[in-house]
Amino acid sequence: MLYQNFGEEFKMRLGTAQNGEKQGLLDELARRSGCLYLSDLRGADYRTELRKALFEIPEDQFQLEEWNEAAFYLLGIKDRFQTAGDARRAIDSALRSSSR
């Protein structure tokens, strides 16, 4: 399974249920990008909006683990970044190069 390296909490966040818990980074990126589903974040139709949303969110709003999870979910980047900024820049770079 693609998400086996991440905990059950991450797997549950990929669902569409709203249970009142704090939204995760992926949820926030989807909301700010105008995506109806998290899986829409992976599509080319939302690349521009996703790149903009990445930099609207303060790095310290989410823990480093969430930034690493986002890099993995969005791009399959298995690297463990040392800072949220490093993860954000890697995501942005990959999105930018894939939209050419």
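A crossing of two helices is left-handed if the near helix is turned anticlockwise from the far one by less than a right angle, and right-handed if it is turned clockwise.

## The model

This is a predicted model, in which local features need pLDDT of at least 70 and side-chain atom pairs count only at pLDDT 80 or more, while totals for chains, interfaces and linings use all residues. Residues are numbered from 1 along each chain as its sequence is written, and side-chain values use heavy atoms, with hydrogens and water left out.

## Helix H4

Of its 12 residues, 9 are buried, meaning under 20% relative accessible area with a 1.4 Å probe and protein chains only, where exposed is over 50% and partly exposed lies in between. Among the buried residues are Trp67, Phe72 and Tyr73. After H4 comes Gly76, with a positive phi near 75 degrees.

## H4 against H5

H4 passes helix H5 in a left-handed crossing. The contact, defined as heavy atoms within 4.5 Å, involves residues of H4 including Leu64, Trp67 and Leu74, and residues of H5 including Ala87, Arg88 and Ile91. By class, the contact residues are 12 nonpolar, no polar and 1 charged, where Ala, Val, Leu, Ile, Met, Phe, Trp, Tyr, Cys and Pro count as nonpolar, Asp, Glu, Lys and Arg as charged, and the others, Gly among them, as polar.

## Arg89

Arg89 is found in H5 and counts as partly exposed because its relative accessibility is 47%. Leaving aside neighbours within four places in sequence, Arg89 is in contact with Glu59 and Thr83.

Terms used:
Helix = DSSP H or I, 4+ residues; strand = E, 2+ residues; numbered from the N terminus.
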